Amino acid sequence: MAKKKIDSSRGGMDVDSFREDIKQHLRYTLAKDKYSSTEWDNYRSVVLSVMDRLHDRWLDTQQSYYNNDDKRVYYLSMEYLIGRLLDNMLINLGLQDVAAEAMEEAGLDYDKVRNAEWDAGLGNGGLGRLAACFLDSMATLGIPAIGYGIRYDFGIFYQQIENGYQIEKPDLWLRYGNPWDVVRPKIQYNVPFYGNSHAYHDETGDLKFKWENTHDVLAVAYDTPIPGFKNNVVNNLRLWKASSSSSIDLKSFNQGQYIDAVRDTQLNENISRVLYPNDKMFVGQELRLKQEFFLVMASMKDILRRFKKTNSDWRKLPDKVAIQCNDTHPNLAIPELMRVLVDEEGLEWDLAWDITVKTMAYTNHTLLPEALEKWPVSLLRNLLPRHLQIIYEINRRFLQEIQPKVGDDRGKISRMSIVGDGEDPVVHMASLGIVGSHKINGVAALHSDLIKKTLFRDFNDIFPEKFTNKTNGVTPRRWLRQCNRELADLITDKIGEEWVTDLDQLKKIEKFVDDKSFMKKFVKIKQNNKQKMADYIKENRGIKINTTSIFDIQIKRIHEYKRQLMLTLYAIAQYNRIKANPNGDFVPRTILVAGKAAPGYTMAKLFIKLMNDVGEKINNDPDVGDKLKFLFLENYSVTLAEKMIPSANLSEQISTAGFEASGTGNMKFALNGALTIGTLDGANVEIKEEVGDENIYIFGNTVDDVDKLRHEGYNPWDYYNANDELKQVLDQVRDGFFNDDKDLFEPILDSLLNKGDYFLVLADFEAYVNEQGKIDELYKDQDEWNRKALINTARVGKFSSDRTIRDYAEEIWDVKVKR
């Protein structure tokens, strides 16, 4: 634990010190005054004042790790969806109220200051948000850790909705720079590509390899402080920016070839230009592989440089270094570590392999076989020739090792081989991760069980000790204390602040479920959050929302298996019921959806168009009024989630059973007092166990039911013909009720009816609608609804990322938790 040393002139934790620092930075760092400053200047002056208070802690923390020669955790991830940082930094420093008062005295509006910050464009979905939660928890638990990633110039994209369609615009999150990061120009590494692997014999006659004639790119370090909660620990997020090792070809420039002179520089810098280039084309696929290796090699050089400062015996590497690969993307770290140990450090293969396996661990995040990364051998041979050789040698030795256990089972050998067969062989990155790691974990109990039974069954048969589960979690600092301050204060007032770092303490609030005064406050807070959401919608969409309605929310990447389509079909069915009986007694409902579709995912983008067209019809029908609203909110982000989640009454977690690895949105919603409607998929299973069957709404086919249905022969037409309400809904979509172009949504109908409805939307539709009916009935009894809402908040303490990280620390990384 870092020692407490806050005595610098810029370290004051009181209002007066903070206020004066803001003024000083505005004038002397930014050369602005109250007449010339912009909202961005004001925001920067506040950030600089916060950074002053972080720097002592940051330096002391890193020095203490060095002095103690602590084992360190290195978390490699292509994404970090960290959102805005100001509130998070202030909360973890214990400074939020002090800063708010200081800003007010300095003539600044706190809300305007924090709204000047852009969400960092460093991630997309749950993978990146999980990584951000983990960074927060590692710092809060005092674990010596560094997160490694890429400093993308542009995020995945800024989503705009035009005429109902998703339009991708550049996410210019760095247009004014990022005041939270510190560039380290002296920490830079060459990252080679292409070239050839040269075999030679050394002076003792041993065969050696050298990677030569490469094209090098420079990786430059940018550091962001990651403070723990009120413990003076500040860990580091190190992001790599690609740069050219030579900024300009002066010879070409002097000959008048100006474009050629800077071409290489631009191509090199493209590596960190954008998150997720479109990999439908070869050039995009090559760039994505470059990004992954760029992250891996720069990080590995940094890790090993740090290790070698205090250690000379490579056998101690697993005692001092734990490398966690967040999904398959960083799994090239395995052959890269082998290359360093064998080619550069001269270790024998067997010793190097033993060190590598003990050092590496891999988290799997998917149950979709098509989502497991596979890189063409031809691409690797061109881009990373030495690494391909090493992968082939790893595979040869591995197949030799398992041969006595699998015998002549050619099918099993083929399935387990890291390198595929055929004319265009590929390298299976998940298989590489399994073979080259000492632990492989899933991210929910069901997911971990399924990967052992399905995706990686063959590996589990031989290496059962490698597989483990680490159910995901969310940081309560951001997902309750920050995004729902009123509820956090109510809880703290009753049970103290310990829950912020020990979420199981929330169980203590369940006893207030019959306390009328407490419940009145609890309900009022939910209503206040709904009003804030309604105000946001009115301001941005011009639509007035009924705040007494059920706020029914689904926020996820747009994907067929997440079944935003089923929610849309339900909305149409509800619309039809209202149209058939305009004076009926309907429970009002506001359905809100947000999420981005991958630019190349045509079907998901068509879902967005359908949702917007359905919303246009529903929201403008006078017969419907405020009984039903259906809105798709554009440009989903962490900041938007922080508005939507506290306002939700109902959380939609309706993926096809067996497809969602875990989900963390389900945890965030329940933590903030929303009830869940969902399938028995991902972490829903464990949420059900925690909150109780009576406090969650589960429907639809289970994993076993899905397998049985497919095995027996699923015919979606049977469900279409048997359910008049479903038939009417699909006919409306087909017949141009929501868009004059009758052919527009034909691919959706074709997928559902003629191509097998792979994600079983029609099979689960009736059960889903019936469960929604039960939810309507419950909502009429507000006392009972609110009881269940509070119980959800009280019983989800298990789903803290602090608990998840403790499990990693004890069972995978073998590092001490200091809190």
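Leaving aside its neighbours within four places in sequence, which residues is Tyr536 in contact with? Thanks for coming, everyone; let me start there. Tyr536 touches Leu640 and Lys643, where contact means heavy atoms within 4.5 Å.

A quick word on the model. It is predicted, so to speak by its record: local features need pLDDT of at least 70, side-chain atom pairs count only at pLDDT 80 or more, and totals for chains, interfaces and linings use all residues. Residues are numbered from 1 along each chain as its sequence is written, and side-chain values use heavy atoms, with hydrogens and water left out.

Back to Tyr536. This residue belongs to helix H21, residues 516-541; helices (H or I, at least four residues) and strands (E, at least two) are DSSP runs, numbered from the N terminus. Tyr536 is partly exposed because its relative accessibility is 24%; buried means under 20% relative accessible area, exposed over 50%, and partly exposed in between, with a 1.4 Å probe and protein chains only. Its C-alpha atom is separated by 9.9 Å from that of Met644, 108 residues apart along the chain.

Now for some strands. S3 (residues 158-162) and S4 (residues 165-169) pair in the antiparallel sense over five bridges; pairing requires that DSSP finds at least two bridges between two strands. Gln159 has Glu168 in S4 as its bridge partner.

On to the rings. There are 26 aromatic pairs in the structure. The rings of Phe, Tyr and Trp (its six-membered ring) pair if their centres lie within 6.5 Å; planes under 30 degrees apart count as stacked, over 60 as edge-to-face and the rest as tilted. One of the pairs is Tyr189 with Trp240, edge-to-face at 5.7 Å centre to centre and 70 degrees between the planes. This pair links distant parts of the chain, with Tyr189 in strand S5 (residues 182-193) and Trp240 in strand S9 (residues 234-244), 51 residues apart. Tyr189 is buried at 12% relative accessible area, and Trp240 is buried at 0% relative accessibility.

Last, some charges over rings. Here NZ of Lys or CZ of Arg must be within 6 Å of the ring centre and within 35 degrees of the ring normal. Lys290 places its charged end over the ring of Phe193, 5.7 Å from the centre, and Lys466 lies over the face of Phe463 at 5.2 Å from the ring centre.
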